[in-house]
Amino acid sequence: MNGSTDDYHQRRLHRDSERGLIFGVCAGIAEGFGWPAWLTRIGALVLLWCFPMSTVVAYVVAAMVMPQRPLRYCGRGDERSCWQPRHRAEP
């Protein structure tokens, strides 16, 4: 196996409640596969129209099973340097 753990966490499916409309399932699937969220939502609506009960059950199960998206760093600079402990000069 050549993949790192960071690569694994980036590809894993999560619910994205910040960008989601209901539970964030479609937004999380879109982010996980690199698709636009609107395209995933349209696909979900088409499935809902064709298979209403199955789609509702699958959506609710996905909302319960998929973990919440982990927090992300939104500051300046590199994320790793932000979380590294800073050494203080002693007086």
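**View 1. Leu47 and what it touches.** Skip the neighbours within four places in sequence, and Leu47 is in contact (heavy atoms within 4.5 Å) with Pro52 and Thr55. Leu47 sits in helix H3, residues 37-50; helices here are DSSP runs of H or I with at least four residues, numbered from the N terminus. Leu47 counts as partly exposed because its relative accessibility is 45%, with buried meaning under 20%, exposed over 50% and partly exposed in between (1.4 Å probe, protein chains only). Keep in mind that this is a predicted model: local features need pLDDT of at least 70, side-chain atom pairs count only at pLDDT 80 or more, and totals for chains, interfaces and linings use all residues. Residues are numbered from 1 along each chain as its sequence is written, and side-chain values use heavy atoms, with hydrogens and water left out.

**View 2. Who lines the largest pocket?** Of the 24 lining residues, Cys26, Ala44, Leu45, Thr55 and Tyr59 lie nearest the centre of the largest pocket. A pocket is an open set of points on a 1 Å grid over the protein atoms alone, where a 1.4 Å probe fits, with protein on both sides within 12 Å along at least five of seven lines; lining residues have an atom within 4 Å of a point. Helix H2 (25-33), H3 and helix H4 (52-65) each bring at least two residues to this lining.

**View 3. The stretches in the record.** An unreviewed UniProt entry puts "transmembrane region" on residues 20-38 and 44-66, though such annotations may be inferred rather than shown by experiment. Residues 44-66 are 91% helix and 0% strand, with end C-alpha atoms 16 Å apart; a strand is a DSSP run of E with at least two residues.
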